[in-house]
Amino acid sequence: MTPSLADLRPGQTGEIVSIDCDRPIARRLMEMGLLPGTEVRVIRLAPLGDPLELRVRGYALSVRRAEAARIAIRARGM
Amino acid sequence: MDVRVPQVLIAGNPNSGKSTLFNALSGGSARVGNYPGVTVDRTSAHLHLDSGPVELVDVPGTYSLTASSPEEQLAVNALLERNTRAVVCVVDATTLKRGLYLALQLIESGVPVIVAMNMMDAAERMGLHIDTEVLSSLLGAPVVPVVATKRRGLDALRRQVERTLRPDARSKPPDIGYPEALRADIARLLPAIEKWRPHATANEARAFALWCMLSLGDDDLVGVPEAVREIAADLRNQAASEGRNPHLEIIAARYDWVDDVVRRTCSERAPQMPFSEKVDRVLTHPVAGILIFALVMFGIFEALFAGAEPFMDAIESLTTSLQDLAVAALPAGVLRDLIVEGIIAGVGNVLVFAPQILLLFLFIGFLEDSGYLARVAFVIDRVMKGVGLHGKAFVPLLSGFACAVPAVMATRTIERRRDRLVTMLALPLMSCSARLPVYILIVGTVFAGMSVGWFSAGAVALFSMYVLSVLVTLGAAAVLRRTVLRGPTPTFLLEMPPYRWPSATILWLNAWRRLRIFLVDAGTIILAMTIVLWAVLSFPKSEEVTERYEAERARIQQMDLSAAAEEEALRSLESAEAGAQLEQSLGGRFGHAIEPALRPIGFDWQIGVGIIGAFAAREVFVSTLGVVFGIGEADEENKPLRQALRDARHADGTPVMTPLSGVSLMVFFLLACQCMSTIAVVRKESGSWKWPLFLFSYMTVLAYLASLLVYQGGRLLGLG
Ligand SMILES: Nc1nc2c(ncn2[C@@H]2O[C@H](COP(=O)(O)OP(=O)(O)OP(=O)(O)O)[C@@H](O)[C@H]2O)c(=O)[nH]1
């Protein structure tokens, strides 16, 4: 099974392989700069475990675990 | 020929410093209006350039021109307006790629674009160097470095706008390497696009075709011709069958191009935000973060509750002195009553919200511009998600404990309309401070001296109201989300901007603008409703009552009383007369008329009249009851009023106010939308009368059913 963004622990980095969210959400994610091939690092989890804070293309973005779980990645630096 | 002044738009990502730049350019002379059809502020200002006046329009912050709702469509529509002559695209130099993604779309659309490269100071601190000349030639649009907060580069920007406004200026869109299959799709869309927008240039039509391919499907956009939709749908199906994803093709091609441009113009030392990173380690820490969160929220709460109070008291006492002045200056009669109890009271009813609105918006402005609001949402989203709310709904909900009016206005920080409506329609169930006097009157009347275990019964009842209000608010949000406002799953995609110190001027300007909009728009509705309510509770006047009390007055004056005793007797006579007149008024008769409906929940007609009066504001319930019982002016601690309530009897001789009917009444006030100001502000913020009417109906039905359950259930259990 391919790992997803939700499987990364804070500090770990991955490269996006595909985005499998509903079309409008996938489009928004892509327009915010999350595309196949983009490198994403998980910075931290919210105190209650959800959402996640990511670093992508030089800025910080937070997404819920539900969305992150549908973004397939290739893990790096694990 | 378009005779309107040429329009220059200011567009940019959220947090790019757009508002700061707009205010710096316009010098605070902005006017706030509304975009037609949607409830989004349209901030604009007149700017005098050497070439003549232009209108500067602040377009809502956005990451892309792609739209799926009428709100998101605003940016594109503004772009398409005939008198739009140029766009200043504000790009935050520290998030260059994302900013250029938007700039690129604007440039592709063919409108003349000037890129204002903002936050150059922050970029320099990060060791980021941007070659603006090369960037400008690659983009095909001028790039002007600025620092909006320090007003650096503004003259150069202004000169560049003037140059761009010359008739021959046109952007030269760069060539993005869109894949072959996508180019074929565009070619198939073009004929329909050209029919839709016959004046479009080739570039514009192409950009528009791209926009359609990204935006159409799962949208509720208005004004897109069926022919265009059909072809777009065809293309989507065809692409899907070939295993292509046109969205990905478009967006990836653009970002590839942006990446390439950035590589060639930007000496990028690994971008990082060491300062924000350090702050966040504390502010989003599992323990410290939640503690600080709680403290900040408590601060807001305290400010709204206690901080605003002296100002509100001052406004109220000013209103009262004005009323006294008017009473003294004007001859008695209907006109005087209208001025005193309708107009002056109405203006007072509007102004009394000003302190809380100003304070809340100063707070929210600070949280938003400093970057902490995004962290508030981040920390609490997990909890809000459970009931289908956005993390950003937390601050408005919390403010609802103080007052629903500023709280409804605070829902503006929530971007998506559906999320915003759910929050707006649920938060009036939070137990606001105007309910407190009502609770206190009831508790003091029916629970005096009783206790439950170690606690006084009153304290338990009060506490239960607050717990109940939170539960019902969250429950209502969950239900609304699944019924009336059902829709696509709300997402949480939130940029966490770096921490910045907000500018005090901008905070004031924004809070003041919000207040002014409230005073003008919601204020007129509140004033009108106050006058109507005054009329309902004053007319018709009964001749019979007037005559009877005249006779009584004459009788007292005949009697041989001391001056003090006579004054005392006259005063209580006057209070009794006011009560008798109120009973004869439309409102009083209405109270009688609905008594059969009120009996099952334990109330009588007098309480009914109080409820009608309380529509002006919940705490007015207390003073209305004072009049109904012929006591005159009364507050919630008033002993005679409490006694009168205890002595009130139904026709069958049983007491009206028992602990059970008291609880029923408290529940009713907790749940019913007894507040015309809330209605007015929801009307203003939702953009139509539909939502406030819905709000009023659902809350009233809910309140009635809950009170019925309490009262009848309690009687079945033998409690009353
Ligand atoms: N260091 C620095 N900070 C800036 C500059 N311009 C704006 N800021 C700050 O950035 C923050 C966001 O600025 P705004 O003007 O509110 O940004 P905006 O794009 O209007 O944001 P939205 O209102 O969310 O659309 C504020 O705290 C500003 O003080 C700049 O040139 N340099």
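Which strand of chain B pairs with strand 4 of chain A, and in which sense? In this predicted model, the partner is strand 12 of chain B, made up of residues 493-495, and the two strands run in the antiparallel sense over three bridges. Within this pairing, V63(A) is placed opposite L493(B), a residue of strand 12 of chain B.

The size of an interface is often given as the accessible area lost when the parts come together. For chain A and chain B the buried area comes to about 3,600 Å², and 58% of it lies on carbon and sulfur atoms. On the side of chain A, the residues R27(A), E31(A) and R64(A) account for 21% of the area buried against chain B, which is more than any other three residues supply.

Five salt bridges are found across the interface of chain A and chain B. A salt bridge also joins the side chains of R64(A) and D381(B), with a distance of 2.7 Å from N to O.

Over all chains of the structure, the search for salt bridges returns 29. In chain B, the side chains of R98(B) and E495(B) form a salt bridge at 3.2 Å, N to O. This pair connects distant parts of the chain, since R98(B) belongs to helix 3 (residues 96-108) of chain B and E495(B) to strand 12 of chain B, the two being 397 residues apart.

The ligand has 18 residues around it, of which K18(B), S19(B), T20(B), N118(B) and D369(B) come nearest. A backbone N or O atom of K18(B) lies 2.9 Å from an oxygen atom of the ligand, while for S16(B) the corresponding distance from a backbone N or O atom to a ligand oxygen is 3.1 Å. For M119(B), a backbone N or O atom is found 3.3 Å from an oxygen atom of the ligand.

Two features of the backbone in chain A remain to be described. The peptide bond that joins D50(A) and P51(A) is cis, with omega at about -5°, and P51(A) is situated in the loop between strand 2 and strand 3 of chain A. In the loop between strand 3 and strand 4 of chain A lies R57(A), a residue that has a positive phi of about 45° although it is not a glycine.

Note on methods: Residues numbered from 1 in each chain as written. Chains lettered and ligands numbered in written order. Predicted model: local features only at pLDDT ≥ 70, side-chain atom pairs only at ≥ 80, totals over all residues. Heavy atoms only, no water. Buried area = accessible area lost by both parts, 1.4 Å probe. Salt bridge = Lys/Arg side-chain N within 4 Å of Asp/Glu carboxyl O. Pairing = 2+ DSSP bridges. Helix = DSSP H or I, 4+ residues; strand = E, 2+ residues; numbered from the N terminus. Near = heavy atom within 4 Å. Polar contact = N/O pair within 3.5 Å; in protein donor to acceptor, adjacent residues only side chain to side chain.
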